[in-house]
Amino acid sequence: MINCSAELLHRPEEAANIKLGKVSIPSLFRDLPEAVIVADENRRIVWANNAALSMFGHTIDQMVGHSTAILYPTEEGYLSAGAAHFNPSGSAEQHNYESNYLRSNGKTFLGETTGGPIRDSRGVVLGYFGITRDISKPRAFDELLARLYLVSSDQELETNEKIREILKMGCAHFQTDSALVSWVHGEDYTVLYSYSQIAEIERGSRFKIADCCCARAMEANGPIACSSAQEVGDAPHPCYSLFVLETYIGVPLVVDGERFGTVNFTSSEPRTPFESSDLELIKMFAAWIAQQLSIEKATNQLIEIS
């Protein structure tokens, strides 16, 4: 059994044999979906599982032997975690906490970590461990829901202002430039609401639904998404005359139980592939927007376009 973690830094091939007593750390944590990192008493990394390499974007050689400071966006964050959790007399009463972390590409994310000292039978600190779960997406989802509720329940905002704010939030979440709410009647696609960081389309602008990517969403009767225009062979979206469409996610809009039109978010740049949770989320956006359109219909504010 290897007792000196510092020795591992000079013999990385033995890092897979780190043991605590008779328990092999890798055998316990190698295949966990959470990132697991083991460091020596000086907080230098001696082992990391595949999930950690994937989460932080480093190779094993870029991690082993290096300070855990590379995992934090600021020195303050590194020192704060050390003072509370990763020293022999840490101030924290519980070792389950949230912290901002840094990926190798420079992007930060919010993680939930369980970690603290690894001690021998005499209580001597041999090193430290941390098990981290990326909670940036679920936390962003919770915050998005809270903002949607605040906007929808704000009595000082007009319906058009609420829909615009909802579209703006959707663009931020889906990493897109523009968003449209449309009314689809027969073969016509009419823009009712528009939000764009580039150029907005005028309310009442009309296109042929067959020329729009939204035709696929209407045919599918559900959400569709593509992260690059190369994925689909559709004719250009109405915004194509203003900027080249690369990213698209859209869903049919149902108002008062009847299919009404679509809501979609687009971008001139490709993005990382959408996840199944994004398809569920856009349905939620459509439901919030449909609620606002229903209010417009009830108060005769929704324009009639024949």
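Select helices H6 and H9 to start: their axes come within 11 Å and cross at roughly 5°. Axes here are lines fitted to C-alpha atoms, for helices over the stretch in contact, and angles run from 0 to 180 degrees between N-to-C directions. That makes H6 roughly parallel to H9 (angles under 35 degrees count as roughly parallel, over 145 as roughly antiparallel, 65 to 115 as roughly perpendicular and the rest as oblique). Helices (H or I, at least four residues) and strands (E, at least two) are DSSP runs, numbered from the N terminus.

The model is predicted: local features need pLDDT of at least 70, side-chain atom pairs count only at pLDDT 80 or more, and totals for chains, interfaces and linings use all residues. Residues are numbered from 1 along each chain as its sequence is written, and side-chain values use heavy atoms, with hydrogens and water left out.

Show side chains next. Phe141, Leu144, Leu145, Leu148, Tyr149 and Ser152 of H6 meet Leu281, Met284, Phe285, Trp288, Gln291 and Gln292 of H9, where contact means heavy atoms within 4.5 Å. This contact comprises 9 nonpolar, 3 polar and no charged residues. In this count Ala, Val, Leu, Ile, Met, Phe, Trp, Tyr, Cys and Pro are nonpolar, Asp, Glu, Lys and Arg are charged, and the others, Gly among them, are polar.

Against H6 it packs at an angle of about 170°, with the axes 9 Å apart, which makes H6 roughly antiparallel to H7. On the H6 side, select Leu144, Arg147, Leu148, Val151 and Ser152; on the H7 side, Lys162, Glu165, Ile166, Met169 and His173. The contact of H6 with H7 has 5 nonpolar, 2 polar and 3 charged residues.

Turn to the other pairing of H7. H7 and H9 also pack at about 170°, with axes 10 Å apart, and that makes H7 roughly antiparallel to H9. Residues to pick in H7 include Ile163, Ile166, Leu167 and Phe174, and those in H9 include Leu281, Phe285, Trp288 and Ile289. By class, the contact of H7 with H9 divides into 12 nonpolar, 5 polar and 3 charged residues.

On a 1 Å grid over the protein atoms alone, a cavity is a set of points where a 1.4 Å probe fits but cannot get out, and a pocket is an open set with protein on both sides within 12 Å along at least five of seven lines; lining residues have an atom within 4 Å of a point. Grid points are joined across faces, edges and corners, and a volume is the space filled by probe spheres set on the points.

For the largest pocket, select Ser136, Lys137, His173, Gln175 and Thr272, which lie nearest its centre among 27 lining residues. The pocket holds about 900 Å³ of space. H6 supplies the largest share of the lining, 9 residues. The lining has 10 nonpolar, 7 polar and 10 charged residues.

Finish at the cavity. The whole structure has 1 cavity of 30 Å³ or more, and about 190 Å³ of space lies in the largest cavity. Of its 17 lining residues, Thr68, Leu71, Tyr72, Phe86 and Gly130 are the closest to its centre. The lining of the largest cavity has 12 nonpolar, 4 polar and 1 charged residues.
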